[in-house]
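Q: I have a model open and want to go through it piece by piece. Can you take my questions as they come?

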Amino acid sequence: EQAMDSAYGRLRELLTHFRDRMDPRGLSFALRDLVDGFGKLTGIHASFENHAPEPELSPEQELHVYHVVQEALTNASKHSRARSVKVAIEHEDDTYTISVQDDGTGLGAGGDPRFGMQFGLNIMRERAQRLGGKLEIDSRVGEGTRVTLRFPARGASQPTAR
């Protein structure tokens with residue numbers, strides 16, 4: 001019964017994520033709103049830093065980025081026992097880097113990640129690949145986790161949509 005409740009909750013989350021609409025002002029505004037809402041909802045101190053020009057991405061690409069950040073925040077709130085989370089956007093050498101850093105317990109704390117978390121990490125990696133980028137996860141027990149998404153800026157080589 002507990003497993004069914006958990007699966008049902010995860011399904012509700014996924015359906016909510018698919019209904020999300022991007023902010024018409026752009027990705028950075030959507031991410032700022034996401035981070036602000038995350039902090040209010042969870043009580044975790046959440047900050048957002050943008051050190052990059054607005055990415056020129058297709059709506060589909062923007063959604064991939066948005067959902068990677070959203071999943072990283074969800075993992076921080078559900079699994080890490082973090083007190084603070086920072087989301088940052090950087091741009092250098094035709095590459096965007098978006099990082100989500102928490103000060104939680106780290107991925108190795110208490111054994112292997114739960115199935116739901118592992119499933120979420122796999123989806124994040126798939127989204128990164130669709131952007132022509134990659135996802136890096138750096139985690140140390142007791143020192144938190146940093147999820148980093150790197151992808152080429154518009155004009156750099158990007159895979160065609162499937």
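Q: What do the buried residues of α2 pack against?
A: They pack against β1 (45–51), α3 (59–79), β2 (84–92) and β3 (95–102). Buried means under 20% relative accessible area, exposed over 50%, partly exposed in between, with a 1.4 Å probe and protein chains only. Contact means heavy atoms within 4.5 Å. Helices (H or I, at least four residues) and strands (E, at least two) are DSSP runs, numbered from the N terminus.

Q: Experimental or predicted, and what are the ground rules?
A: This is a predicted model: local features need pLDDT of at least 70, side-chain atom pairs count only at pLDDT 80 or more, and totals for chains, interfaces and linings use all residues. Residues are numbered from 1 along each chain as its sequence is written, and side-chain values use heavy atoms, with hydrogens and water left out.

Q: Which residues of α2 are buried?
A: L27, S28, A30, L31, L34, V35, F38 and G39.

Q: Why would residues three or four places apart point the same way?
A: An α-helix has 3.6 residues a turn, so residues at that spacing, three or four places, point the same way.

Q: How far does α2 reach?
A: α2 covers residues 27–42, 16 residues in total. From first C-alpha to last it reaches 22 Å, close to the 22 Å expected at 1.5 Å a residue. The expected span is 1.5 Å times one less than the number of residues.

Q: What follows α2?
A: G43, with a positive phi near 80°.

Q: Why does R25 count as partly exposed?
A: Because its relative accessibility is 49%.

Q: New topic. What is the element order of the chain?
A: From the N terminus, α-α-β-α-β-β-α-β-β. That makes four helices and five strands.

Q: How much of the chain is buried?
A: Buried residues make up 41% of the 162 residues.
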